[in-house]
Amino acid sequence: MKKGTIKIIKTDKEDNNKKLENVMFRLLDQENNIIREGVTNKQGELIFNNILIGTYKIAEIKTNENYILLDEEIEVQVNYDEVNEIVIKNEKVKEINQEKVEEIEQEETEKIEEIHEEVEEKCEEIHEEVE
């Protein structure tokens, strides 16, 4: 039987040199049957050896804290006696800067109050004109 290899390399989206360890992947066939599962090593690598040639899907099923789980499957082709290397990049969860949030909320509140005052003044003007 003809077989090949899939090599996954998991990196940080912003820093390709930062390899991500302990990210779990699942290798699926076209009917979504689980062929194998594995976890990346310290070099961010996971190797699936001796895979029958054909088309498969890779699904990320667990990622590191502070990273966003990849929610789409990646299609991969396994060719005879070849290593198909796939680099998968993970995006970090954006950290919320609470001070900035509060600053923006304060600015928006002030703008709303100004608009509210303008609307009240216009309403008074219109009311005076009607009388």
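**Notebook: sheets, cavity and rings**

I was working on a predicted model, where local features need pLDDT of at least 70, side-chain atom pairs count only at pLDDT 80 or more, and totals for chains, interfaces and linings use all residues. Residues are numbered from 1 along each chain as its sequence is written, and side-chain values use heavy atoms, with hydrogens and water left out.

I took strands as DSSP runs (E, at least two residues), numbered from the N terminus. I called two strands paired if DSSP finds at least two bridges between them. Strand β1 (residues 3-12) runs antiparallel to β4, and six bridges join them. I then traced the open sheet these strands belong to: three strands, in the order β4-β1-β7, with mixed pairing. β4 (45-52) and β7 (83-90) are its edge strands, and each pairs on one side only. From one strand to the next the twist averages 20°. For such angles, axes are lines fitted to C-alpha atoms, and values run from 0 to 180 degrees between N-to-C directions.

**Entry 2, the four-stranded sheet.** I found an open sheet ordered β3-β2-β5-β6, with antiparallel pairing. β3 (34-39) and β6 stand at the edges with a single partner strand each, so one side of each has no neighbour in the sheet. The twist here averages 30° from one strand to the next. Next I looked at individual pairings. Strand β2 (residues 24-28) pairs with β5 over five bridges, in the antiparallel sense. Arginine 26 has alanine 59 in β5 as its bridge partner. Strand β5 (residues 54-62) also pairs with β6, antiparallel and over five bridges. There, glycine 54 has valine 78 in β6 as its bridge partner.

I searched the whole structure and got one cavity of 30 Å³ or more. A cavity is a set of points on a 1 Å grid over the protein atoms alone where a 1.4 Å probe fits but cannot get out; lining residues have an atom within 4 Å of a point. The largest cavity holds about 30 Å³ of space. Its lining is Gly4, Thr5, Gln77, Val78, Asn79, Glu82, Val83 and Asn84. β1, β6 (74-78) and β7 are the elements that give two or more residues to this lining.

I looked for aromatic pairs (rings of Phe, Tyr and Trp, its six-membered ring, with centres within 6.5 Å). The structure holds zero of them. I did find lysine 2 over the face of tyrosine 80, at 5.4 Å from the ring centre. The test was NZ of Lys or CZ of Arg within 6 Å of the ring centre and within 35 degrees of the ring normal.

How values were computed
1 Å grid on protein atoms, 1.4 Å probe; cavity = no way out; pocket = protein on both sides within 12 Å on 5 of 7 lines; lining within 4 Å. Points joined across faces, edges and corners; volume = space filled by probe spheres on them. Phe/Tyr/Trp six-rings, centres within 6.5 Å; stacked < 30°, edge-to-face > 60°.
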